[in-house]
Amino acid sequence: MFVVIFGRPACPFCVRAKSLAERLESAGAIEGHRYVDIQVEGITKADLEKTIGQPVHTVPQIFVDQTHVGGFTEFDQFVRDNALLATEKA
């Protein structure tokens with residue numbers, strides 16, 4: 001399982017998503033992750049909308065194995081639903 005996070009600097013939910021992905025990777029629950037700074041890469045919310053196929057109002061936007069999961073809240077729920085971390089179980 002590979003996680004890609006599209007975020008921006010100074011976004012608290014982006015920081016939390018990146019931290020969660022790092023914990024998942026350290027625990028061996030995912031193969032790896034990539035954090036994409038949309039400002040550095042010149043990616044707009046309109047660009048993300050084209051990829052996702054729906055309006056994008058906030059970041060982060062997170063993909064697991066190329067499937068759009070949503071933002072941090074949805075990613076956190078995905079981790080809990082799939083019991084990827086022992087401390088994250090519902």
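This is a predicted model: local features need pLDDT of at least 70, side-chain atom pairs count only at pLDDT 80 or more; totals for chains, interfaces and linings use all residues.
User: How many aromatic pairs does a search of the whole structure find?

Analyst: Rings of Phe, Tyr and Trp (its six-membered ring) pair if their centres lie within 6.5 Å; planes under 30 degrees apart are stacked, over 60 edge-to-face, and the rest tilted. The search finds two such pairs. In one, the ring centres of Phe6 and Phe63 are 5.8 Å apart and the planes stand at 75 degrees, so the pair is edge-to-face. Phe6 belongs to strand β1 and Phe63 to strand β3 (residues 61-64), 57 residues apart. Helices (H or I, at least four residues) and strands (E, at least two) are DSSP runs, numbered from the N terminus. Phe6 is buried at 16% relative accessible area, and Phe63 is buried at 9%. In the other pair, the centres of Phe13 and Phe72 are 6.0 Å apart with planes at 40 degrees, so the pair is tilted. Phe13 lies in helix α1 and Phe72 in helix α4 (residues 72-81), 59 residues apart. Phe72 is buried, at 10%.

User: Which strand do six bridges join to β1?

Analyst: Two strands pair if DSSP finds at least two bridges between them. Here, β1 (residues 2-7) is joined to β2 (residues 32-37), and the two run parallel. Val4 stands opposite Arg34 in β2.

User: Which residues have the most contacts inside the largest nonpolar core?

Analyst: In soluble globular proteins, nonpolar side chains tend to be buried together. A nonpolar core is a set of buried Ala, Val, Leu, Ile, Met, Phe, Trp, Tyr and Cys residues joined through side-chain atoms within 4.5 Å. The largest has 15 residues, and those with the most contacts inside it are Val3, Ile5, Leu20, Leu24, Ile62, Phe75 and Val79. The elements giving two or more residues to this core are β1, α1, β3 and α4. Helix α1 gives the most, with four residues. Another core, of eleven residues, lies apart from it and includes Val36, Leu48, Val59 and Phe63.

Methods. Residues are numbered from 1 along each chain as its sequence is written. Side-chain values use heavy atoms; hydrogens and water are left out. Buried means under 20% relative accessible area, exposed over 50%, partly exposed in between (1.4 Å probe, protein chains only).
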